[in-house]
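Please keep the sequence and the structure in view while reading.

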Amino acid sequence: MAVQVDLDDQRLVACTSRAADPARAVAELAAAIGPARLAGALLFCSNGYPRDALAQELAVQLPDVPLIGCTSAGELADRGYDTNSIVLIGFPSDAFSMASLRFDDLDHFDAQAAQSAIRHLVAQERRERAGDEKQHQVALFFVDGLSHREELLTMTAQHALGDIQLIGGSGGDGLSFRNTAVLHDKAFHADAAVIVLLTSARPLHVFCTNFYRPGPSKMVITEADPETRTVYEINAAPAAAEYKRLSGNPSSVLDAHFFAAHPPIVRTGGQVHVRSIQSANPDGSLTFYCAIDNGVVLSLGEPVDRIAAMEELFAEIERKVGAIDHVIGFDCVLNRLDAEDRQQAHVVSQMYVANRVFGFNTYGEQFRAAHMNQTFTGLAVGR
């Protein structure tokens, strides 16, 4: 059943459906939207939905709503962490405008052409909004989480956007790592990315945080293939074995739960960023979610008090935007696994509900010009 969170014409429409049948699921979303006029909406869906059938129902039942989004590795819904659901966040046309641009065939991505197209999109929006009251703008970004092009795309887009901040996430498909896609123009597209320019007089605030600090164990990448994000050697030893040894658990099975609990961290420009591992391979190598190269020095991360850090984060968001309408959240799937393993998922879900967080679990997060992992990143919209 879909749940409408707010009925105020000026507030975001946030709703969820858990119906397995695409026709019924979209009907529930449409009923939750009701008569609201939307400039557009974000939609994040479980990888369990048949995509062609879902896209067809979206086109039939929501023909006048521009929809942008992606497949997920889990959803952030009306009850916090969720699975097997569809989440929709609608932007009322009286308070927001949205304009989007899609890039296909990312293996042959043309950075110069993309920058020109993004600058044109920004200029067009500014012309159309000229004379309006003071406007705030952010760029929302969604990309096929198996494209391996996030770093190039994010840097290219942020450079073209200038002072407009970029925020977004990489689409997932649970923990299958087989078939991810973005949603645009009522269809799902693999090997693609979508950028959305969101404009409003309402307060908009982007943020990015992680819940780990560098520990004493050091790892130097001594053999890697940057193109496939595969690491063959760490400290001149087989990568998987050395990673397990440094974690203090040499007999453990390397799976997503292990990677979530022991995240590699790199320090750049005075900041620390997680470089999460996606999979351990039969040859003893490790495949990463993020860019990795020879000579990179990593530390094994240690957890901080996540609940205290989240309380501080939401307090800071309120200081920035005032009363929170909604937070559009991009939470790495490894964050979710780690919260579940540490028996914190229920508390985290309660905090998401209390702060009106809707979004999805990602394969990676984009913040300004950087692509990262194992962060909680998002856009807070004030009332």
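Helices, of at least four residues, and strands, of at least two, are taken here as DSSP runs and are numbered from the N terminus. The model is a predicted one, and the points below are grouped by topic.

**The largest pocket**

- The largest pocket has a volume of about 420 Å³, and of the 18 residues that line it, Phe207, Cys208, Thr209, Gln271 and Phe367 are the closest to its centre.
- At least two lining residues are supplied by each of four elements, namely strand E13 (204-210), strand E18 (271-274), helix H7 (306-321) and strand E25 (370-372).
- Strand E13 gives the most to this lining, with six residues.
- Sorted by class, the lining of the largest pocket consists of nine nonpolar, six polar and three charged residues.

**The nonpolar cores**

- In soluble globular proteins, nonpolar side chains tend to be buried together.
- The largest nonpolar core in this model holds 32 residues, of which Leu42, Ile89, Phe91, Leu140, Phe142 and Leu379 touch the most other members.
- Strand E12 (residues 192-200) provides the largest share of this core, four residues.
- When residues up to four places away in sequence are not counted, Phe142 touches Leu42, Phe44, Ile68, Gly69, Cys70, Gly169, Val182, Ala192, Ala193, Val194, Phe330 and Phe360.

**Helix H9 and the residue after it**

- The buried residues of helix H9 (residues 345-354) are Ala345, Val348, Ser349, Met351 and Tyr352.
- Because these buried residues fall within an arc of 160° when seen down the axis of H9, they line one face of the helix.
- An α-helix has 3.6 residues a turn, so residues three or four places apart point the same way.
- The exposed residues His346 and Ala354 are carried on the face of H9 that is turned away from its buried side.
- Just after H9, Arg356 takes a positive phi of about 55°.

**Gly248 in its loop**

- Gly248 has its place in the loop between helix H5 (239-247) and helix H6 (256-261).
- Gly248 counts as exposed because its relative accessibility is 53%, where the cut-off for exposed is over 50%.
- From C-alpha to C-alpha, Gly248 and Gly269 are 29 Å apart in space, while in sequence they are 21 residues apart.

Key. Residues numbered from 1 in each chain as written. Predicted model: local features only at pLDDT ≥ 70, side-chain atom pairs only at ≥ 80, totals over all residues. Heavy atoms only, no water. 1 Å grid on protein atoms, 1.4 Å probe; cavity = no way out; pocket = protein on both sides within 12 Å on 5 of 7 lines; lining within 4 Å. Points joined across faces, edges and corners; volume = space filled by probe spheres on them. Nonpolar A, V, L, I, M, F, W, Y, C, P; charged D, E, K, R; others polar. Core = buried A, V, L, I, M, F, W, Y, C linked by side-chain atoms within 4.5 Å. Buried < 20%, exposed > 50% of the residue type's maximum accessible area, 1.4 Å probe, protein only. Contact = heavy atoms within 4.5 Å. Arc of directions from axis to C-beta.
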